[in-house]
Amino acid sequence: MAPEMGKKLPESDVTGQNLTETELTLGLPGENRNPKSGDKRGFSEIVDKNFEDDKSDEAKSPTAKKAQVVGWPPVRSLRKNIILKKSCKYVKVAVDGAPYLRKVDLEMYNSYQQLLGALEDLFSCFTIRDYLERKLMDSVNGSEYVPTYEDKDGDWMLVGDVPWKMFVESCKRLRLMKSSEAHGLEPRTPSKCSSTS
Amino acid sequence: MSHFPEEILEQIFSYITHRRDRNALSLVSKTWYDLDRRTRHSVSIGNCYALSPARSIERFPNVRSLTLKGKPQLVDIVNWVPRNWGGSVDPWVVALARDCPDLRELRLKRMLVSEPSLLLISTSFPDLRSLGLIGCHGFSADGLSAITAKCRFLEHLDLQKSVVGNDSGQWLSSFPENFTSLVSLNFGSLKGAVNVDDLMSLVARCPNLKNLRLNKAVPLPTLPQILLRAPQLVELGIDPRAQHIDPESHNRLYEAIRKCKSIQSLSLSGVLPISLCCQVHLSAIFPKLISLDIISFIEVRILGFINLLKHCHKLQRLRIVDLIGDEGLLVVSSTCKDLRDLRIVPTYSNPPVNRYVTEEGIVAISKGCPLLESFQVFCHQITNAALITVSKNCPGITCFRLCLHQRQDPDHVTLQPLDEGFGAIVQSCEGLQRLSLSGLLTDQAFLYIGMYAENLETLSTTSAGDSDRAMLYVLNGCRNLRKLEIHSCCFGDNALLANLERYETLRFLWMQLCEVTLGGCKFLAKKMPLLNVEIIHGRDRDQGDYPDDTMKIRTLYVYRTLNGPRADAPNFVWTL
């Protein structure tokens with residue numbers, strides 16, 4: 001499996017909490033953030049999208065509040081947990097072939113659609129070919145990736161089959177697996193790696 | 001024939017053991033049906049939901065050996081459902097305990113086995129000789145302890161791929177002191193550490209032990225001592241994967257294996273060091289082997305290992321990683337003339353290594369190993385010409401599974417779809433029973449399959465075909481088809497609903513991420529009451545709001561059953 005290395009993004013706050021995925025823009029907390037360029041969507045935009053799309057009653061103020069406080073000012077984890085009323089569930093996201101992992105908070109999203117949108121933002125070299133199909137295509141080399149996750153039983157499963165809440169509960173980590181591996185000839189077992197000499 | 005005394009018929013029937021033949025016998029006349037019923041001892045039920053336990057025991061009251069399968073094993077996918085999907089064996093065990101106390105063999109595959117069930121098994125069948133829990137879960141090591149403690153005549157205990165809760169190895173220590181009947185023991189997938197002394201004592205007192213597969217918790221340095229106590233072993237599987245790599249221990253291990261003069265089958269996971277001493281031992285062991293499984297490498301000096309393969313003259317079954325490349329396959333093809341079963345799996349490594357299998361290696365194998373029956377290969381590139389050559393060289397293939405590195409790759413030379421290649425395979429290999437497709441494929445490939453693959457029983461395909469016709473070619477053409485697995489193809493309701501009666505002759509149809517809609521599935525369920533149409537779509541069925549019949553279903557699992565919808569479906573499974 002790919003070793004986890006911290007990647008230093010210029011604007012991120014590299015801490016053990018790994019808050020690197022939040023897109024920080026210049027501005028005071030509490031302001032509505034507009035994206036500076038067309039490429040990356042601001043974090044609050046994703047959150048706003050949540051409010052639009054979702055009719056569930058989980059779209060309430062703690063979420064919005066989180067969008068404001070996380071990352072800036074750089075609060076320590078203890079204080080952060082006091083401020084945040086909601087639980088959070090951070091899971092690692094690995095992509096086959098990428099040298100570093102990211103983390104997402106599954107509690108931030110309310111559906112698979114939103115999660116995959118966020119993944120698209122995280123790994124901006126991918127484009128989601130079809131939300132319904134839930135496949136991801138690497139626009140650089142054209143290879144297909146299948147979103148999978150490891151559940152609490154240790155099995156690798158395809159993302160999207162079980163109800164969302166059940167998924168959030170049982171997901172331990174995510175992996176965008178090369179489709180050739182998802183459809184390979186051996187069921188995936190952990191510690192398999194080889195080297196030649 | 002009507003005057004033929006039953007005793008003689010019974011005698012004749014006793015020679016006919018194969019399930020298919022027995023099924024055919026039972027159709028001849030009522031007398032024969034009845035006689036077959038009473039004398040059938042070995043029963044295999046491919047889908048535990050297809051009929052009720054009561055019904056099957058009523059039909060075969062004298063069953064002594066029962067095989068039951070739960071969750072379907074899909075060829076080309078990660079786990080497609082969580083563990084609580086179903087496949088519970090409980091109703092079966094209750095019925096068997098009541099009505100079949102003479103049961104001698106029970107094999108359960110991919111089933112949910114609860115602790116009470118295991119306890120019931122341990123007390124209900126005094127003559128139990130063989131218990132197989134393959135890919136099962138739901139029980140703990142305490143349940144296993146009951147089995148090992150109470151089944152006095154147990155000969156075969158197979159726990160491969162099963163998951164056991166609370167496993168501290170205590171089940172092995174529960175074999176009584178006077179227990180000596182063990183012939184085969186497979187606990188390779190278990191996580192818990194057994195007591196080594198108890199293991200050694202068990203091995204020492206079972207003179208008939210032929211097959212032993214240990215898990216990775218058995219310490220490497222103790223392996224030689226264990227083997228010393230079982231010089232009669234024929235099949236051995238070890239997994240010193242996570243352990244410290246100590247060259248001296250490895251040397252002693254291979255020396256000990258070498259001392260098992262009857263060893264024919266070896267399954268090694270983990271390090272395969274190629275120090276000189278080890279090479280000497282392995283080159284003495286390998287010529288005796290009929291079966292070799294070295295799929296899980298951690299580190300291998302590949303060229304040295306390929307050299308060792310030159311000793312495997314008798315090999316019939318080989319499981320290996322694609323790390324050996326075409327070079328390794330060339331060695332296999334020139335050495336293993338008796339090869340029947342070859343399986344090449346991908347090397348999962350990051351960063352990816354630069355050695356893999358191409359069509360050259362595959363063609364070499366077909367030239368060197370004409371007796372090949374099962375060919376399952378992961379490769380990086382393939383051509384139609386190569387597939388055609390394989391089909392000509394190895395017409396005896398009954399299981400062909402190809403998996404390309406890039407799922408929809410065409411022939412890498414001509415850039416054409418692989419229709420002609422697979423067409424040649426189905427045409428030439430008349431006994432083909434199992435086929436797994438890969439690569440760029442159009443409807444034409446399916447037309448060939450429908451036309452030629454008369455004996456095909458299992459077909460699995462991913463991202464292939466251009467239109468609904470492809471699925472219809474197969475459904476209409478392959479009259480022996482039993483299992484159809486389709487993933488990410490463009491087949492929709494028209495394909496699904498064109499040949500409804502066909503589904504009653506299949507064990508199951510499985511479609512994921514295709515174009516079938518909720519409305520189509522509902523129609524199928526309505527028209528065919530003898531089918532269970534189960535849908536998994538990322539929602540609880542209680543959630544209710546499936547408003548839209550045009551919604552495309554993620555996963556569809558259709559199977560024939562005499563038992564109606566199953567009562568134990570979890571919330572995320574919706575039976576229409």
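What is the volume of the second largest pocket? It is about 1100 Å³. This is a predicted model, where local features need pLDDT of at least 70, side-chain atom pairs count only at pLDDT 80 or more, and totals for chains, interfaces and linings use all residues. Residues are numbered from 1 along each chain as written, chains are lettered from A, and side-chain values use heavy atoms, without hydrogens and water.

**The pocket**
- A pocket is an open set of points on a 1 Å grid where a 1.4 Å probe fits, with protein on both sides within 12 Å along at least five of seven lines.
- The second largest pocket is lined by 32 residues (each with an atom within 4 Å of a point).
- Asn23(B), Ser44(B), Leu51(B), Arg59(B) and Arg560(B) lie nearest its centre.
- H2(B) gives the most to this lining, with four residues.
- Helices (H or I, at least four residues) and strands (E, at least two) are DSSP runs.

**Two helices in chain B**
- The axes (lines fitted to C-alpha atoms over the stretch in contact) of H18(B) and H19(B) come within 8 Å and cross at roughly 5°.
- That makes H18(B) roughly parallel to H19(B) (angles under 35 degrees).
- Contact means heavy atoms within 4.5 Å; Phe446(B) and Leu447(B) are among the H18(B) residues that meet H19(B).

**Salt bridges**
- A salt bridge puts a side-chain nitrogen of Lys or Arg within 4 Å of a carboxyl oxygen of Asp or Glu.
- Asp155(A) forms one with Arg83(B), the closest N and O atoms being 2.8 Å apart.
- Asp155(A) lies in a loop of chain A and Arg83(B) in a loop of chain B, so the pair joins two chains.

Notes. Axes are lines fitted to C-alpha atoms, for helices over the stretch in contact, and angles run from 0 to 180 degrees between N-to-C directions. Angles under 35 degrees count as roughly parallel, over 145 as roughly antiparallel, 65 to 115 as roughly perpendicular and the rest as oblique. Grid points are joined across faces, edges and corners, and a volume is the space filled by probe spheres set on the points.
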